[in-house]
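Reader: I am new to this structure and would like to learn how to read it. Could you walk me through it step by step?

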Amino acid sequence: MAKQVWEVSKICYCEHAGSDVALEARLVYPAEFLPDQPPRVTAHRCSQGMTCNKFEKLACVWAGTNPDYDPFTV
Ligand code: SF4
């Protein structure tokens, strides 16, 4: 059976959160009988994205409130 895990792919300082935050990728690893197949990336999220959605201020693309700003690419 395939296995899904969230792994940190990048860490950066976010001014909005006032701390380091992690960009995480959801990887789906194939079942054991397909060992040569690389994992698939099925989603991304910010480790503080849920907290950001509680504020009224626009945050970034990972919080879903500002598609024009991505702190992980700055
Ligand atoms: S969702 Fe965006 S603004 Fe909020 S902590 Fe993460 S990177 Fe910063």
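**Reading the fold, one feature at a time**

Author: Let us begin with a turn: strand 1 and strand 2 make a hairpin with four residues between them, and Gly-18 in that turn has a positive phi of about 75°. Strands here are DSSP runs of E with at least two residues, helices are runs of H or I with at least four, and both are numbered from the N terminus. Please keep in mind that this is a predicted model, where local features need pLDDT of at least 70, side-chain atom pairs count only at pLDDT 80 or more, and totals for chains, interfaces and linings use all residues. Residue numbers start from 1 along each chain as its sequence is written.

Reader: How many helices and strands does the protein have?

Author: There are one helix and three strands. Followed along the sequence, they give the pattern β-β-β-α.

Reader: How do I tell which strands pair, and in what sense do strand 1 and strand 2 pair?

Author: Two strands pair if DSSP finds at least two bridges between them. Strand 1 and strand 2 (residues 19-29) are joined by eleven bridges in the antiparallel sense. You can trace the pairing residue by residue: Lys-3 faces Tyr-29 in strand 2, Gln-4 is opposite Val-28, and Ile-11 is opposite Ala-22.

Reader: And over how many bridges do strand 2 and strand 3 pair?

Author: Six bridges link strand 2 and strand 3, again antiparallel. One place to look is Leu-23, whose bridge partner in strand 3 is Cys-46.

Reader: In what order do the three strands lie in the sheet?

Author: The order is 1-2-3, in an open sheet with antiparallel pairing. Strand 1 and strand 3 (40-46) are the edge strands, each pairing on one side only. From one strand to the next the twist averages 20°; the axes behind that angle are lines fitted to C-alpha atoms (for helices, over the stretch in contact), and angles run from 0 to 180 degrees between N-to-C directions.

Reader: What share of the residues counts as buried?

Author: The general idea is a neighbour count: a residue is buried if 20 or more other C-beta atoms, placed from the backbone, lie within 10 Å of its own, exposed if 12 or fewer, and partly exposed in between. Of the 74 residues in the protein, 15% are buried. Strand 1 (residues 3-14) is hardly covered, with one buried residue among its twelve.

Reader: Why does Asp-20 count as exposed?

Author: Asp-20, which is in strand 2, is exposed because 11 other C-beta atoms lie within 10 Å. Val-41 belongs to strand 3, and Val-41 counts as exposed because it has 12 C-beta neighbours inside 10 Å. Gly-64 sits in the segment after helix 1 (49-52); Gly-64 is exposed because 12 other C-beta atoms lie within 10 Å.

Reader: Which residues are in contact with Asp-20, leaving aside its neighbours within four places in sequence?

Author: A contact means that the C-beta atoms of two residues, placed from the backbone, lie within 7 Å. With neighbours within four places in sequence left aside, Asp-20 is in contact with Ile-11, Cys-12 and Tyr-13. On the same terms, Val-41 is in contact with Ala-25 and Leu-27. Across the protein, residues 24 or more positions apart account for 29% of the contacts with a separation of 6 or more.

Reader: What is the radius of gyration of the protein?

Author: The protein has 15 Å, whereas a compact globule of 74 residues would have a value near 11 Å. This radius is taken over C-alpha atoms, and the globule rule is 2.2 Å times the number of residues to the power 0.38. Along the principal axes, the C-alpha atoms fill a box of roughly 45 × 20 × 20 Å.

Reader: Which residues come nearest to the ligand?

Author: Being near means that a C-beta atom, placed from the backbone, lies within 6 Å. Of the 13 residues around the ligand, Cys-14, Cys-46, Gln-48, Cys-52 and Cys-60 come nearest.
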